[in-house]
Amino acid sequence: MQQPYESTETGATAGAARVLVVDDDPTVAEIVAGYLERAGYLVDPAGDGPTALTRAAAHWPDLVVLDLMLPGMDGLEVCRRLRGHAPVPVIMLTARGDEDDRILGLEVGADDYVTKPFSPRELVLRVESVLRRSRPAPAGRSFSSAGLTLDPGARRATKDGTELALTLREFDLLAFFLRNPGRAYGREDLMRAVWGWDFGDLSTVTVHVRRLRAKVEDDPARPRLIQTVWGVGYRFEPSGEHNPNDRNGQDGRDGLDSRGGREGAA
């Protein structure tokens, strides 16, 4: 993996977080940039994918606000190419009601999403939340379980000694599971603990669990570590042993339907 490009900013702007705003609607881009600048961020605007990649090459961003539906190179491809250079938090902008698009954005590695039309103030709060979680944690001890080792200070995770390429939210989710083994958590619980939200689209949690399983499980289709507890949510089981009474985890399904309800619930 290549290293991120170096920023050349100095002086008063050196400590400000840089946000790359990518949207082909000039009005939306201008409003978003204005709110972010008033909140103290440096903003690089881009109206399409190639321009976004060029801006990122010149000044590597601390976070990207990325419209999914861009002309030509879409937001998914832009996200893939940025992540091919170095980890960077991404907030995806999607059209309201396009659940498939939101899930695609999360699958490709977006850390968060906001649906259009949206409140610029809400977007600024989301940016602050994602950046706060992306900052290095105070130096502290690493912790290990089931062959997984996490170093919160370095935000580094390994499995059997091999480094895992985790997004911001995937790292936080895995850290939460390792700190709380053997207990079942609902998606609402995980959303509050990991995302810091009291409400939101629960499919966000489902997609991140699926992506995390693909990276930490020997067989993601039959997860042994991050198990699904039928009708409840998820449990991290360091032993990898399956409790047959749970009816969970054997096929990688979440026991939850696409609308966020529980399969088999009355």
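# Close-up views of a predicted model

Among contacts in the chain (heavy atoms within 4.5 Å) between residues at least 6 apart in sequence, 58% join residues at least 24 apart. This is a predicted model, in which local features need pLDDT of at least 70 and side-chain atom pairs count only at pLDDT 80 or more, while totals for chains, interfaces and linings use all residues. Residues are numbered from 1 along each chain as its sequence is written, and side-chain values use heavy atoms, with hydrogens and water left out.

**View 1. The whole chain, to get your bearings.** Start with the secondary structure: eight helices and twelve strands. Both kinds of element are DSSP runs numbered from the N terminus, helices being H or I runs of at least four residues and strands being E runs of at least two. Of the 266 residues in the chain, 48% are buried. Here buried means under 20% relative accessible area, exposed means over 50%, and partly exposed lies in between (1.4 Å probe, protein chains only).

View 2. Which residues of helix α3 are buried? In this helix, residues 75-85, they are Gly75, Leu76, Val78, Cys79, Leu82 and Arg83. Seen down the axis of α3, these buried residues fall within an arc of 160°, so they line one face of the helix. The arc is that of the directions from the helix axis to the C-beta atoms.

View 3. Strand β4 (residues 90-95) runs parallel to β5, and five bridges join them; two strands count as paired if DSSP finds at least two bridges between them. Ala95 has Lys116 as its bridge partner in β5. The side chain of Lys116 is worth a look too, as Lys116 forms a salt bridge with Asp67, the closest N and O atoms being 3.4 Å apart. A salt bridge is a side-chain nitrogen of Lys or Arg within 4 Å of a carboxyl oxygen of Asp or Glu. Asp67 lies in strand β3 (residues 63-67) and Lys116 in strand β5 (residues 112-116), so the pair ties together parts that are 49 residues apart in sequence. Asp67 is buried, at 4% relative accessible area, whereas Lys116 is partly exposed at 22%.

**View 4. A salt bridge from a loop to strand β8.** The structure holds 15 salt bridges, and here we meet the one between Asp218 and Lys159, whose closest N and O atoms are 2.9 Å apart. This pair links distant parts of the chain: Asp218 is in the loop between α8 (203-216) and β11 (226-229), and Lys159 is in strand β8 (residues 156-159), 59 residues apart.

**View 5. An open sheet of four strands.** Follow the order β6-β7-β8-β9 across this open sheet, where the pairing is antiparallel. At the edges are β6 (143-145) and β9 (162-163), each pairing on one side only. Further in, four bridges join β7 and β8 in the antiparallel sense, and Leu150 stands opposite Ala157 in β8. Look also for the salt bridge between Glu163 and Arg156, with N and O atoms 3.3 Å apart. Arg156 is partly exposed, having a relative accessible area of 40%.

**View 6. The largest nonpolar core.** In soluble globular proteins, nonpolar side chains tend to be buried together. How many residues does the largest nonpolar core have? It has 28, and those with the most contacts inside it are Leu148, Leu150, Leu174, Phe177, Leu190, Leu212 and Ile226. Such a core is a set of buried Ala, Val, Leu, Ile, Met, Phe, Trp, Tyr and Cys residues joined through side-chain atoms within 4.5 Å. The elements giving two or more residues to this core are β7 (148-151), α6 (168-179), α7 (187-195), α8 and β12 (233-236). With seven residues, α6 gives the most to this core. Leaving aside residues up to four places away in sequence, Leu212 touches Leu166, Glu170, Leu173, Leu174, Phe177 and Ile226. A second, separate core of 25 residues includes Val22, Ala56, Leu82 and Leu106.
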